[in-house]
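Dear colleague,

Please find the structure handed over below, with its sequence.

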Amino acid sequence: MTAIDAGMPDEPHTASSSAIQEKHRVLNQPPPRVDVNEYTLNIPLRDYLRSVGEADGDGTLEVSGAVVGSAQFQDDARLAHKNPPILRTHSKYGHRIDEVEYHPAYHRIIGAAVAAGAHTSAWEAPGRGANALRAAQFMLFAQVEPGHACPISMSHAAVESLRLAPDLAKEWLPRLYSRQYSPELAAGKPGALFGMAMTEKQGGSDVRANTTRAEASGAHHLLTGHKWFCSAPMSDAFLVLAQEDAGLGCFLIPRVLPDGMRNTFLLQRLKDKAGNRSNASAEVEFAETVGWRIGEPGRGVPSIMGMVGQTRLDCILGTAAGMRQSVAEAVWHTRHRQAFGARLVDQPAMTNVLADLALESEAATVVSMRLSRAFDIDAGPSEKSFRRLAAAVTKYWVCKRGPNHAYEAMECLGGNGYIEDFPLAMRYREQPVMAIWEGTGNVIALDVLRAMGTEPESVDAFFAELRLASGAVQVFDDFVAELREEVAVVEKAPQEFAGQARNLVERMALALQASLLIRFAPAAVSDAFVVSRLGTGRSFNYGGLPSSSDLAGILERA
């Protein structure tokens with residue numbers, strides 16, 4: 001019998017409930033950062049898309065900004081990482097199927113990115129600013145859920161290599177340009193996504209050491225061997241490097257053959273990665289796997305380098321997107337939390353840290369838009385030379401800055417930042433992969449030296465870009481003059497400076513970012529960046545901006 005049945009008063013029960021509710025009332029915690037528009041709130045991205053990227057896409061980007069900022073999309077991102085892909089090598093009847101099962105949230109995310117054209121819109125509708133517009137779409141989606149950005153990026157990047165094989169391009173490009181996504185492996189799908197598999201156990205970045213063989217068999221080749229890293233193995237096709245009689249070749253391997261039969265694509269295991277948990281990366285074996293050559297025999301590395309160059313750019317974009325997430329979450333938290341009698345954001349030490357994080361994010365965003373613009377269809381010889389060197393320089397530095405940037409943002413949230421319920425723990429694990437993929441720090445730095453030795457026009461184009469900002473800030477002018485003298489020495493014998501390559505590339509990247517901020521950013525941003533990154537007292541620990549910095553002006557844009 002209940003108290004109500006017995007006619008007993010319920011006041012004690014009500015009082016007790018009120019006391020419990022009062023005891024557990026949450027105070028001084030920020031509200032959930034959901035149902036926001038990640039594009040309209042991102043002032044630097046909006047500004048640099050127009051001024052540097054020379055694109056106008058506010059309408060479409062506002063739609064995407066609302067999608068990725070919604071509570072539903074954020075929850076899907078959480079689910080995709082909490083429920084990582086599962087390898088299914090065999091069906092319940094014992095048939096070999098070699099499939100990866102993803103959580104439905106992952107498919108919703110990647111479907112939305114494809115529908116927005118985050119994969120291949122710059123190829124589908126080329127023109128002035130097309131790559132900056134596509135980059136902005138990519139960054140919005142990668143800001144909230146980075147794992148799916150891998151197949152999105154590789155699909156965009158594959159187009160350049162595919163164009164070397166007109167017959168294959170005629171078959172595959174319409175499917176790559178499609179805005180339809182379907183996760184099934186099937187022939188004749190209207191839409192398709194691409195992956196890439198280059199590295200092997202014994203070689204890693206040294207792809208010339210690859211042992212996978214490709215034997216001619218009529219109009220196609222049969223590949224036998226292994227790949228140590230194959231990301232997004234449920235993609236519809238892959239570009240693969242394999243040895244043929246003429247040397248290392250590049251081949252297109254579809255998961256499903258034109259007759260509807262599955263190609264031999266034996267998934268051995270999925271990688272247990274530190275981050276990038278929503279995206280599957282696999283070890284794969286080929287056993288007379290059918291493939292078609294891309295490019296000339298034995299010219300596999302040049303044939304696939306177009307794809308590598310594009311994915312290097314996307315590593316920069318992905319890191320910049322992650323920096324934006326870190327800044328947005330840190331600023332949101334500190335604007336809604338009190339400590340020691342004031343909002344956290346207004347505490348001088350915290351203000352400096354937040355402004356420094358925002359400064360780094362803005363510098364990554366502006367250089368992302370500049371590089372994207374350099375990949376547009378109207379790029380002339382000098383612009384192509386610029387992007388050859390500038391993309392490598394920027395990939396090295398921006399991606400290097402990503403992990404510590406994420407960590408410092410975590411610290412702004414205190415204990416909450418270290419908890420998986422908040423997105424910055426995921427982001428901290430995610431950022432290192434951008435520095436590792438498509439060339440680790442040493443590989444990229446040495447590639448910069450290689451470009452200096454073999455493509456001197458790229459050096460001229462790089463410094464021509466820097467000169468566009470000359471005459472405005474003496475610290476910048478002095479820094480660039482000293483840098484140019486150093487590079488002139490290195491150009492004569494690049495191989496002799498391998499041990500100092502990282503130092504040189506770092507300074508080149510900082511000079512490029514500073515030049516763009518001087519030309520396109522408000523004075524509060526450019527002045528603080530030049531003094532803190534190029535000045536004599538520069539320090540790369542966040543929170544060290546000098547007292548002359550307009551911290552409030554920087555944070556207004558965050």
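**Findings**

Glu288 lies in strand E9, which covers residues 281-294; helices (H or I, at least four residues) and strands (E, at least two) are DSSP runs, numbered from the N terminus. Phi of Glu288 is near 50°, a positive value in a residue other than glycine. With a relative accessible area of 54%, Glu288 is exposed; the term exposed stands for over 50%, buried for under 20%, and partly exposed for values in between (1.4 Å probe, protein chains only).

Please note that this is a predicted model, in which local features need pLDDT of at least 70 and side-chain atom pairs count only at pLDDT 80 or more, while totals for chains, interfaces and linings use all residues. Residues are numbered from 1 along each chain as its sequence is written, and side-chain values use heavy atoms, with hydrogens and water left out.

A positive phi, of about 60°, is also found at Asn28, which is not a glycine. Asn28 belongs to the loop between helix H1 (11-23) and helix H2 (43-51). Its relative accessibility is 32%, so Asn28 counts as partly exposed.

Ser231 is part of strand E5 (residues 220-231). Because its relative accessibility is 9%, Ser231 counts as buried. Leaving aside neighbours within four places in sequence, Ser231 is in contact (heavy atoms within 4.5 Å) with several residues, among them Cys150, Met154, Phe238 and Trp437. Ser281 is also in contact with Ser231, and the side chains of these two residues make a polar contact at 3.0 Å. A polar contact is a pair of N or O atoms within 3.5 Å; within protein, one must be able to donate a hydrogen and the other to accept it, and residues adjacent in sequence count only if both atoms are side-chain atoms.

As to the protein as a whole, it has 19 helices and 11 strands. Its radius of gyration, taken over C-alpha atoms, is 25 Å, close to the 24 Å that the globule rule (2.2 Å times the number of residues to the power 0.38) gives for 558 residues, so the protein is as compact as a globular protein of that length. The C-alpha trace spans about 90 × 75 × 40 Å along its principal axes. Of the 558 residues, 56% are buried. Among contacts with a separation of 6 or more, 73% are between residues 24 or more positions apart.

With kind regards
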